[in-house]
Amino acid sequence: MRKTYSMQPYFQDLKYMIYFYDILIKRSNITKEGLFKDLEIPYMSYTRAVDSDSSAGRNVINKLNNYFNIKELDYSRQSEYEDTLNLLLYRFYYRGDDLSEFEPVLLEYIEENNYLRPLFLLLLLLINLVSMKSPQVIIQEKQELFAELKHYKSNYFTSPFAEIFTIVEVIFSGNGIKEFDKDIPFSDNMRGLLYNVYSSNAYLSKNYDLCLYYTRECKDYLLRDHNYKRLILVNLTYFACLNMIGEYAKCMRESRYQLLYLIESKQQYDLIYSTEIHYYTSCIGAKDYNEIIDTISNKEEINSSEYIFLLIAASHNKKSYIKYLEQYKSEAYRFNDKQNDYINLIINYLSKKNRAIMKEKLFNSQINIGLKDILIKYY
């Protein structure tokens with residue numbers, strides 16, 4: 001199969017070796033002039049190597065390799081490196097399992113200590129960020145590596161590594177808004193991933209209009225690439241934004257279709273559950289209480305989140321509310337303390353007693369933010 005991602009520039013052009021050594025020299029304790037004098041390197045040969053491959057340029061690289069103890073690049077390894085790069089990015093993009101499988105291979109490449117080392121460090125950081133560990137923990141642990149890789153951003157990283165670094169940079173920015181980097185000519189092959197990470201960043205920074213723009217752009221690329229697995233997850237962010245800006249009817253319609261697909265194709269429960277949360281929230285926002293009651297009350301077993309939505313929907317009819325409140329009380333033993341605390345928080349909030357205290361508790365809870373927004377605004 002034809003490879004999507006290439007490393008050809010790093011094997012074809014000396015300029016990336018020059019960019020690599022520019023960074024090493026800047027980070028060393030010696031001036032470029034002093035170093036070139038010690039190694040008998042003509043400055044013109046160094047600068048010309050950016051524009052053309054020549055024996056003089058190769059001689060400069062050999063001297064710098066020896067000085068910095070960097071191994072010479074083995075040109076016969078290009079195809080192997082590209083195979084690894086493509087397999088890793090395909091699995092990452094299409095959300096395949098066990099990215100950690102690539103870690104030993106990347107560590108081997110890093111140990112080779114040639115001038116491509118920053119590329120493999122970047123790939124290793126990427127798979128660490130999507131590991132089972134908390135992203136916040138990884139970000140704390142890898143701050144030093146991230147700071148090191150930042151030096152290579154301007155000239156050394158070319159596609160797809162420029163895009164990968166941007167993804168990592170956006171993740172490291174946390175909930176601080178990260179502006180789309182217009183200075184990098186992003187490849188279309190990487191835009192699905194880029195818009196995905198930018199949408200997550202916009203959502204975390206509560207810029208919901210911007211998040212909607214990014215998710216729409218992202219969805220176009222995911223559909224083009226038949227990346228349905230990632231599309232389902234991006235839709236969760238999209239649904240959340242629709243609810244936050246009050247587009248309840250639109251969210252109802254679109255989340256319902258995803259929910260039907262997930263249920264009928266017997267997808268993972270956590271995807272069904274997450275989609276249901278957005279669907280029920282949109283129903284509350286659109287005041288379609290009967291849809292919630294009809295859907296949830298007919299289930300064989302009602303979970304704690306469903307009881308929250310059921311009680312909110314039923315609260316508009318006293319008789320119905322008492323019925324489902326008594327039903328919940330008879331089944332409360334099925335839930336853990338945290339789940340019961342959240343349900344009782346909603347019950348107390350709906351009672352409209354101690355409203356200021358209840359509103360503060362609701363605001364500080366981990367209940368879905370779209371639902372909290374509706375309750376605080378309209379209940």
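## Surface and charge

Of the 379 residues, 49% count as buried; buried denotes under 20% relative accessible area, exposed over 50%, and partly exposed in between (1.4 Å probe, protein chains only).

The chain carries 47 positive and 49 negative side chains, with Lys and Arg counted as positive, Asp and Glu as negative, and His and the chain ends not counted. The centres of the two sets lie 7 Å apart, each charge being placed at NZ of Lys, CZ of Arg, CG of Asp or CD of Glu.

## Basis of the model

This is a predicted model, in which local features need pLDDT of at least 70 and side-chain atom pairs count only at pLDDT 80 or more, while totals for chains, interfaces and linings use all residues. Residues are numbered from 1 along each chain as its sequence is written, and side-chain values use heavy atoms, with hydrogens and water left out.

## Overall fold

The secondary structure comprises 22 helices and zero strands; helices (H or I, at least four residues) and strands (E, at least two) are DSSP runs numbered from the N terminus. The radius of gyration is 27 Å, well over the 21 Å that the globule rule gives for 379 residues, so the protein chain is more spread out than a compact globule. That radius is taken over C-alpha atoms, and the globule rule is 2.2 Å times the number of residues to the power 0.38.

Along the principal axes, the C-alpha atoms fill a box of roughly 90 × 45 × 35 Å. Among contacts with a separation of 6 or more, 64% join residues 24 or more positions apart, a contact being heavy atoms within 4.5 Å.

## Salt bridges

The model contains 20 salt bridges, each defined as a side-chain nitrogen of Lys or Arg within 4 Å of a carboxyl oxygen of Asp or Glu. One of them pairs D22 with K32, with the closest N and O atoms 2.9 Å apart. Because D22 lies in helix α2 (residues 15–27) and K32 in helix α3 (residues 32–39), this pair ties together parts that are 10 residues apart in sequence. D22 is buried, at 18% relative accessibility.

Other pairs lie within one helix. E254 and K250 form a salt bridge at 3.1 Å, N to O; they are four residues apart in helix α15 (residues 248–264), or about one helical turn. Both residues are partly exposed, E254 at 22% and K250 at 23%. In helix α22 (residues 369–378), D373 and K377 are likewise four residues apart, about one turn of the helix, and their closest N and O atoms are 3.2 Å apart in a salt bridge. Here D373 is buried at 17%, whereas K377 is exposed at 52%. A network of salt bridges also links R77, E80, E108 and E112.

## Surroundings of I369

Helix α22 also holds I369, which is partly exposed with a relative accessible area of 34%. Not counting residues up to four places away in sequence, I369 touches Y203, Y208 and M244. I369 and A240 are 129 residues apart in sequence, yet 8.3 Å apart in space, C-alpha to C-alpha.
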